[in-house]
Structure formats: structure tokens, C-alpha cells
Number of protein chains: 2
Amino acid sequence: MNYAERMNTVRGSVIRDVASEIASRNNKELIQLSGGLPQGSLFPIKELKDVTDLILSDEDKAIESLQYGLTKGDTELLGILSERLQKVEKMDIDMSNILITTGCQQGISLVSTALLDLHDTVIIEKPSYLDGLNATLPYECNIVGVDTDEEGIVIRSLERALDELHKVKLIYVIPNFQNPTGKAWTLDRRLEFLELLGQEKYDHIHILEDNPYGEIRFRGEFIPSLKSLDKNNKVIYLGSFSKIMCPGLRVGYVVGEKSFVDRLEEIKEGADLQSNQFAQSQIREYLKKYDIDRHVQEIRDVYKVKADVMISAIKQELGDVVNYVVPDGGIFMWMEVPEYINTSAMLSDALDANVSYIPGASFFADGSGTNTLRLNFSMSSEDQIKEGIKRLAGVIKSKIS
Amino acid sequence: MNYAERMNTVRGSVIRDVASEIASRNNKELIQLSGGLPQGSLFPIKELKDVTDLILSDEDKAIESLQYGLTKGDTELLGILSERLQKVEKMDIDMSNILITTGCQQGISLVSTALLDLHDTVIIEKPSYLDGLNATLPYECNIVGVDTDEEGIVIRSLERALDELHKVKLIYVIPNFQNPTGKAWTLDRRLEFLELLGQEKYDHIHILEDNPYGEIRFRGEFIPSLKSLDKNNKVIYLGSFSKIMCPGLRVGYVVGEKSFVDRLEEIKEGADLQSNQFAQSQIREYLKKYDIDRHVQEIRDVYKVKADVMISAIKQELGDVVNYVVPDGGIFMWMEVPEYINTSAMLSDALDANVSYIPGASFFADGSGTNTLRLNFSMSSEDQIKEGIKRLAGVIKSKIS
């Protein structure tokens, strides 16, 4: 094939490669702590069956949900969603500020198309969900990680990066229960971040806030999103039903200035014309008939127990030899093993010991973080988590000299 | 916003603009001959309700269909689809040659990302579905139309274009019941086309065959797709369930060489991670339980009658003053009015007369075709078609001096 030059830059997802490797082993004994999957048995299957029946039993509703619809998204869903974002996220928006996307991932892709010129720089947290940034690769930009600490991105490091780096156009951040670390930024750090970026000299820089895990807070107080705190209209916000309902329906959304959202809609027409209309109808009818807030609370309760089981197991099995982050929400935990252990190299041993994780280096744009790893606690049962950490501990301890 | 330079090139769909204009008028009396929508009452609603119930009543199936899945697509669906393409389209492929996409539109987008460098040239038929080519705009390429006649693209014109134009990388064609003209290429023309492009000097050029309407042949004999006739692996093929089942589920697919499809999968990971898993399950279970070929035959029978009603009405009302194409399949008809009538300017008069169409100029890359228009016969009833053409005839005749 006569590929475009950009294809020298485009590459597949590291996380999906690990998933393929696992699938190819077809090992029923394996405990997967590598995934990013929500717990399937929490999906509101009964309720989705009810609303799906409702849609398909009414000929008008059925036809509408199976027919072409608007690129922007189902009008009634947009209305319900904007009310929910006003209520839950305290956003000062209306439906003209929202575009329905095929998951948050498409949001990253559309925003990249709209903003990134060749060799522009995108700043991300160090570490961050680099795989998601594969959406920027067709635009051959430069991705640079900036240090983070327990409170969020380090403002002094960010300021230095902004001054030193060439052509910074976008800052991509996940302030709530980040993928991969599970950390949430403090309110103060959010305000400092917005204050820094609010300076006139940074007018040309936009912020992309990815918030798929925000509602899964199972400890501590709610902290407002950057979008809701932003007074300068610099923040573009990505949300999704993947973690609070189910990911298979692929319904996410972008929130931004109306004129910007209108331009994203033009790009989306070329990208996929529109997202699945039936899934939008399912979610719309679910939101009308059922209490999603109660459902989210159920998810929080279950994930809190699982997170605590994982934390206890790590403390017990590996407390002396690793550092780890205690998450207040989300689905991930982060671990640092002794510096001389390479977690990419260690993965095959872990798979042989019937446990999987994601090597941390895949979250560092500069290839560092070779002694880190990401663990998931949403997908496995409590017993599996205990046993999985025990197996992982065995592998790690065998590497300790 | 600090947009990327490419956004000077990106624009929205002209057809969707007409749709928005119509929606804003909110006129119940309007007969829409402008759309490209299949007839909703033909959607297999009862069957989809049955298989959807089946999926959501089985916990394992439900969770699988609501969970994340593979970027490439549902494995069982890929298998069934490859068998169907072998049978119906006589393609020599297996499932490794297929990638599930969010409609044909995403296929155009992914292929554009994979192949088009800045200022590359894309050749299309004149006229063609230019709106779909909006997917190429982020790559700021040059779109050039090549003459067509009753048998397809004109080979001599194509050869001249290939020799004269700079950096031709891709030829995008719709050989079956084209959008907008409804024409199908003859077998001879397909073979001549492939023979020309099979020359070594054109090794760097790829063919993108878009075939959403191919199965809706209601007259004449089946003609093989370019993909199935291609001996040089130059053809990338796009198919979809939108016109043979329903468009709201947004399930399409790309067929190509395995190594190429693998690279498209990498791009798709960045673009939207994967298409809706639930819709893939719905289509998979439908294909397993029901006879889609019988369903397609039903669509053909209904559309044939509608096409014939439209042809008769045009003949009767406008036979002396316009030229038109008699289609053997698909959902569109094409009309040429006297040269001095501008169909873009005439549209507001038509809307005032409660009938809509798509001005033909939007299908010509060079802005010509100002005296042409596209009509759709799948969406309206027979009575609406008769009445719509009568109204349109009134408007056209009022312009004839």
C-alpha cells in the first residue's frame, strides 16, 4: 500500500495489545487486573431490556431509533443531558454546548482534528492515558508529559514546560481518578491550574478535560470539574456513559462553546456521520424512566469495597516493597515497584503466574516509568483480586534481589 | 478558538444543511424528495425486537453486548459477514479482511487517514457523493471529478486525468446505483476500469469502492463488484447494513488486504476505540435467526414500485422539459432541467411549494451541474411521490421562459 506519511507515526493501542496477548493465551485461570472494563453484572440489564422493549414496541419510536438522525445527537437526549450536567457538574451550559460522540475516544479525535497542526505540542500528565492520545497521532504532534504529585499536575513544572516548549496548543488532563494512577486533583490545584492558563499569554492554548470516571467517587467530597470552574472558556470537556452505564453502547459527549461544538459537528459528519441512534434512544428512555443517580451510587458502593480489598491485599502482600496510590474513586490503582524491576519485562512472568497488569511505561510519553504498573479493581471479584495480588506479589518478590 | 489550519478546508455536509433548513421550517405539508433515508416501515422491527429480547434475556449475552469488545468487530459477526460476502458478492476473502466501522462514512474517513498526504488528489465520478468526501477534508487534498456516461466513469477521461493531475492517490467510486445519479456501471466498464488501473504505472493509486446500495437491484442482472473482479488487490471495499436493514445502528465495514485492514484498525482505536457492540450483537443474532436475503428482496420489490411511480410521474409532468436517469436499483433519481435554471436558487421556491430536493451542484467538485437535482424515492409513499413531482413540475415550469 502507498500509505500517507503520517502512518509512520500512527500506532495501535498498547493496552489493546496486552488484551490481544491475553486473549490469544485463552487461559481460564488468568486473573485480569490489566483491563479497564467496568463490572458487567452492574450493567442495568433489566432496565435496558425494559426501555428497549418500550422503544421497539412503539412503531414510531422504533423507526425513529433505527433511522438516520442528527449528527449533533438525539435532541431530547441532548436536553436531558444538559440538565443533568447542570445539576451534577454545576455546568453553566445548555444543549447547544453538547455534541454526542462515539465514546470519549471520539471526542479526543474530533478535538485533535479541530486544533492540532503538524508538530504542535500536546501536554499531558506524567503519567497519563497515552493510548487515548493515539487519536492525535494522525496530526504528527509532539506529546510531552509534565510532572504530577499527590494533588495533581505540578504547576511550576507546567509553567516551565509552557515557556520552554515549542507550539503548545493543547493540555490534555484527567483530573478525576485518572487513568492510570487513580488520583484526583485537589480543588486548590484545579484553581491554580486554571489561573495559570487564564493568563493572556496562554490565550492560544486550550484545555481538554477527560472525565469518564468523575462520578465514580466512593470516598471524600465532590470536587468540581475544571469545566465548571473555568471563567475563560478554555476548557473542552469530555464525558461518557461507559463507566456509569455500559461501554458497549459507545455514547459519549463533548461540551464546549457553541461555535466550537458546531465545528466539531462538521468534522463528525465526515468522521462517521452520526453516532448510533438506537443507543441514544436506549439511554434517553433509561434516563427518563429510571434513577441513574441511584444506579451510580450502587456502582460506587461496589467499587469501594473492591478498591479496599485490593489496597488491603497489597498492604499485606507487598506493603514493604512497593509504593501505591490509594484511590478515592474510579477503577484503577497505581503501583511503583523497586527501580531495578522492569514491569514490561516482568509481564510474561506474571502471565505465566496467571495474573495480568498493564506495564506503566506505556503511560509515559518519554518511555520512563519502567518500574510502575496499573491495576484494575472493577472487573474482578473480591476473591480474584485477593488471589491476583497474591500471585503478583509472588512474581515481584521473585525479582527482588 | 485557535483552530488548526485544516479547519479552513473542513466544512459541513450540504445535504445535512438542506435537512436542517427543512427541519427548521417544521412544515408538515412538505414532501421530502431530498433525503437519503430508507423507508422506515421496512425496517425489520419485529425481528430486531425478537433478537434484542434474546440478547437481553441471557445474562452472558447481555453483558458481552454491553461491554467493551474488540476494535476489529465482533468475531462471530465478522465470520458470518465474510461468509455472506463470499456468497452474495463472490469475494475471495475471510474475516481477517474485514473491519467493522461506524457506517460506510467511517470507512471513508479511516481510509483517508491511512492514505492521503497533504495536497494529494482524489478522483471521483462527476457527479458523486461529495458530502461523503468531507472525510478527506482534514487532509487538505484536492478532489477532482471525472466525466461519467451511461455506462460508468469514462475511461478516456480518467486516463487523461491520471496523466495530467498531480499526486493522484485515490479513486473513489460508487459503481452501483450511485449517489446521486442512481446509475450502475456496466460489467464491461468495470473491467476496463480495473484493466486501466492495473497498469504498473498506477501501482501507487488505490481504488475505494463504496457499495451501500448494491444489493437494492430491482431490475436487470447482478453485476459483480469491482472488489470481486480485482486481480491486483487495488480495491478497498465499503459495505453497510444501513440500506438493507437500518441506518440507525451505524454498522458498516471495510474489506481489504489483511495488512491494510490491520492498519485501519490502529487508526480506528484512536478514532472511536470500537463501534457499538450492542448493534453488532443485534445484527449478528438477526443474521443467525432470520433470512436477510428474503428481507432484501422485500425492499427491492417496494422500491421498484416507488421508482416506477416516480419515473411515470416525471414522464407525465415533465417529460418534454427535463432529462432523467431511469435507475435499476438504489434509492435515487437524477434530473437535468434546462441549463438556464439554477436548482440551488430554485430550492426556496420548491420549499414554498412544499416539496424538497437536493440541488445537484453539491455533487460536483467544480461547482458545475447547476441545472441538476437529486430526488429520493425510498422515503415517501407512492401518493407523496406523485404529488411531490407534480409540485416540483409546477416550480420548474414556472421558471421556463
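This is a predicted model: local features need pLDDT of at least 70, side-chain atom pairs count only at pLDDT 80 or more; totals for chains, interfaces and linings use all residues.
At the start of helix 12 of chain B, a side-chain oxygen of Asn342(B) comes to within 2.8 Å of the backbone nitrogen of Ser344(B). Helix 12 of chain B covers residues 343-352, and its buried residues are Thr343(B), Met346(B), Leu347(B), Ala350(B) and Leu351(B). Viewed down the helix axis, these buried residues fall within an arc of 145 degrees, so they line one face of helix 12 of chain B. Ala345(B) and Asp352(B), on the other side of the helix, are exposed. What do the buried residues of helix 12 of chain B pack against? Their partners in chain B are helix 1 (14-25), strand 12 (355-356), strand 13 (358-359), strand 14 (372-376) and helix 13 (382-399). After the helix comes Asn354(B), whose phi is positive, near 65 degrees.

Strand 14 can be followed in more detail in chain A. There, strand 14 (residues 372-376) is mostly covered, with five of its five residues buried. The cover extends to both faces of the strand: Thr372(A), Arg374(A) and Asn376(A) are buried on one side, and Leu373(A) and Leu375(A) are buried on the other. Strand 14 of chain A pairs with strand 11 (residues 332-336) of chain A in the antiparallel sense, over five bridges. Within this pairing, Met333(A) has Leu375(A) as its bridge partner in strand 14 of chain A. Strand 14 of chain A also pairs with strand 13 (residues 358-359) of chain A, again in the antiparallel sense, over two bridges. Here Pro359(A) has Leu373(A) of strand 14 of chain A as its bridge partner.

Chain A also contains an open sheet of eight strands, in the order 2-9-8-7-6-3-4-5 and with mixed pairing. Its edge strands are strand 2 (98-101) and strand 5 (152-153) of chain A, each of which pairs on one side only. Asp149(A) stands opposite Gly152(A) of strand 5 of chain A. Helix 6 (residues 155-164) of chain A packs on the sheet, where it touches strand 3 (121-126), strand 4, strand 5 and strand 6 (168-173) of chain A. The direction of helix 6 of chain A makes about 155 degrees with that of strand 4 of chain A. The loop between strand 3 and strand 4 of chain A holds Pro127(A). A cis peptide bond joins this proline to Lys126(A), with omega about 5 degrees.

Pro180(B) is found in the loop between strand 6 (168-173) and helix 7 (187-197) of chain B. As background to these bonds, and to the phi values described below, most peptide bonds are trans and most residues other than glycine have a negative phi.

Contacts between the two chains come next. Helix 9 (residues 258-272) of chain A and helix 5 (residues 103-115) of chain B pack with their axes 5 Å apart, at an angle of about 95 degrees. Helix 9 of chain A is therefore roughly perpendicular to helix 5 of chain B. The contact is made by Glu269(A), Gly270(A), Ala271(A) and Asp272(A) from helix 9 of chain A, and by Gln105(B), Gln106(B) and Ser109(B) from helix 5 of chain B.

Leu273(A) is found in the loop between helix 9 and helix 10 (277-289) of chain A. Its phi is near 70 degrees, a positive value in a residue other than glycine. Is Leu273(A) buried or exposed? With a relative accessible area of 11%, Leu273(A) is buried. In chain B, Leu273(B) lies in the loop between helix 9 (258-272) and helix 10 of chain B. Phi of Leu273(B) is near 70 degrees, also a positive value in a residue other than glycine, and Leu273(B) counts as buried at 11% relative accessibility.

Helix 10 (residues 277-289) of chain B includes Gln282(B). This glutamine counts as buried because its relative accessibility is 1%. Which residues does Gln282(B) touch, not counting residues up to four places away in sequence? They are Phe278(A), Leu48(B), Val51(B), Thr52(B), Ile55(B) and Leu249(B). With Thr52(B), the side chain of Gln282(B) makes a polar contact to the side chain, at 3.1 Å.

Definitions and conventions: Residues are numbered from 1 along each chain as its sequence is written. Chains are lettered from A and ligands numbered from 1 in the order in which they are written. Side-chain values use heavy atoms; hydrogens and water are left out. Buried means under 20% relative accessible area, exposed over 50%, partly exposed in between (1.4 Å probe, protein chains only). Helices (H or I, at least four residues) and strands (E, at least two) are DSSP runs, numbered from the N terminus. The arc is that of the directions from the helix axis to the C-beta atoms. Contact means heavy atoms within 4.5 Å. A polar contact is a pair of N or O atoms within 3.5 Å; within protein, one must be able to donate a hydrogen and the other to accept it, and residues adjacent in sequence count only if both atoms are side-chain atoms. Two strands pair if DSSP finds at least two bridges between them. Axes are lines fitted to C-alpha atoms, for helices over the stretch in contact, and angles run from 0 to 180 degrees between N-to-C directions. Angles under 35 degrees count as roughly parallel, over 145 as roughly antiparallel, 65 to 115 as roughly perpendicular and the rest as oblique.
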